[in-house]
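Work through the exercises below with the sequence and the 3D view open. Try each task before reading its solution.

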Amino acid sequence: MFGLVTAHPEELTDEEKARYLSFYCGICRSIRSQCSQLCRLALSYDMVFLALVLSSLYEPEEVANKHACMLHPIKKRPWASSEILSYAADINIALAYYSADDNWRDDKNVSALAQRRLLRRYHEKIAQKYPRQCAAIASSIAKLQELERTQCANPDEPANCFGNMMAQLFVWKNDLWQPTLEQLGMGLGRFIYLADAAVDFEKDKRKNNYNPLVFLHQKPAPNRWEEYLVLSMAMCADAYERLPLVQDKQLMDKILYSGVWAAYKRKLKKHGRIRDDGRSI
């Protein structure tokens, strides 16, 4: 369901690419040090935006360097380190654990079972460290499972459920920024859920999988569903622009205002939902 909140490389300057990569590699290194080498396989680019927002807002002390690693042994890659990047790494693993658990319960996917077993003991430590966030992930997934079981026909219910989970993940501290960060997470979470549902519409309909959009009995053409997505992104953007963000603002703008849409279009194209010229099929 993730893979949408990413930068579009063609729009980034060399400096922005290096900064973006330093956060990605920083989260990866944190996963290695806080969990294990194998856990790095669960790394997601989506966590970079969360880390950028919180780092810009709270401005933690940051260390930066360049090193080669097991995955990139020849060319040194930039990386950054801070307490927020460590937080993003923990949240990445928590999400990966619950996702694997959900996939195993639903599909009996053997690879998901292996990932769940790998991540379980690390997740237990993270849940003790961040009980509110992990409880939000667990409760949201449980509610989504219930909505799927009852074949909920209202797309807003599962979208809000996923949005509530993301709202809690963006709240690093319970302070005056909490309501604004919750709104940002809620809007972004709704966007992720609805975009994923639109992309998977034909596949879910064919396989008889749960997808709330199927209940509308109309093929949700990309240009139609973008109206719903725009509303969710507007909620996110309204909160985002009210935060006093200066550091990496241009980079975050490119992720939020164009990167997510470019990723959405790529997924639609991959699933045969739009032609090369961007028109719906």
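A polar contact is a pair of N or O atoms within 3.5 Å, and within protein one of them must be able to donate a hydrogen and the other to accept it. The model used here is predicted.

**Exercise 1.** Find the polar contact between the side chains of Glu16 and Lys254, and describe the surroundings of Glu16.

Solution. Step 1: locate Glu16 in helix H1, which covers residues 14-34. Step 2: compare positions; Glu16 and Lys254 are 238 residues apart in sequence, yet their C-alpha atoms are 9.9 Å apart in space. Step 3: check the side chains, which make a polar contact at 2.7 Å. Step 4: list the other contacts. Leaving out residues up to four places away in sequence, Glu16 touches Glu11, Gln250 and Leu251 as well as Lys254.

**Exercise 2.** Is Glu16 buried or exposed?

Solution. Step 1: recall that buried means under 20% relative accessible area. Step 2: apply this cut-off; Glu16 has 10% relative accessibility, so Glu16 counts as buried.

**Exercise 3.** Which residues touch the most other members of the largest nonpolar core?

Solution. Step 1: the core has 89 residues, and Ile27, Phe49 and Tyr264 touch the most other members. Step 2: helix H3 (residues 83-107) gives the most to this core, with 12 residues. Step 3: take Ile27. Beyond four places in sequence, its contacts include Leu43, Met47, Leu85 and Asn92.

**Exercise 4.** In what sense do strands E1 and E2 pair?

Solution. Step 1: E1 (residues 63-67) and E2 are joined over 5 bridges in the antiparallel sense. Step 2: Ala64 has Ala80 in E2 as its bridge partner. Step 3: in E2 (residues 77-81), 4 of the 5 residues are buried.

Key: Residues are numbered from 1 along each chain as its sequence is written. This is a predicted model: local features need pLDDT of at least 70, side-chain atom pairs count only at pLDDT 80 or more; totals for chains, interfaces and linings use all residues. Side-chain values use heavy atoms; hydrogens and water are left out. Buried means under 20% relative accessible area, exposed over 50%, partly exposed in between (1.4 Å probe, protein chains only). Helices (H or I, at least four residues) and strands (E, at least two) are DSSP runs, numbered from the N terminus. Two strands pair if DSSP finds at least two bridges between them. A nonpolar core is a set of buried Ala, Val, Leu, Ile, Met, Phe, Trp, Tyr and Cys residues joined through side-chain atoms within 4.5 Å. Contact means heavy atoms within 4.5 Å.
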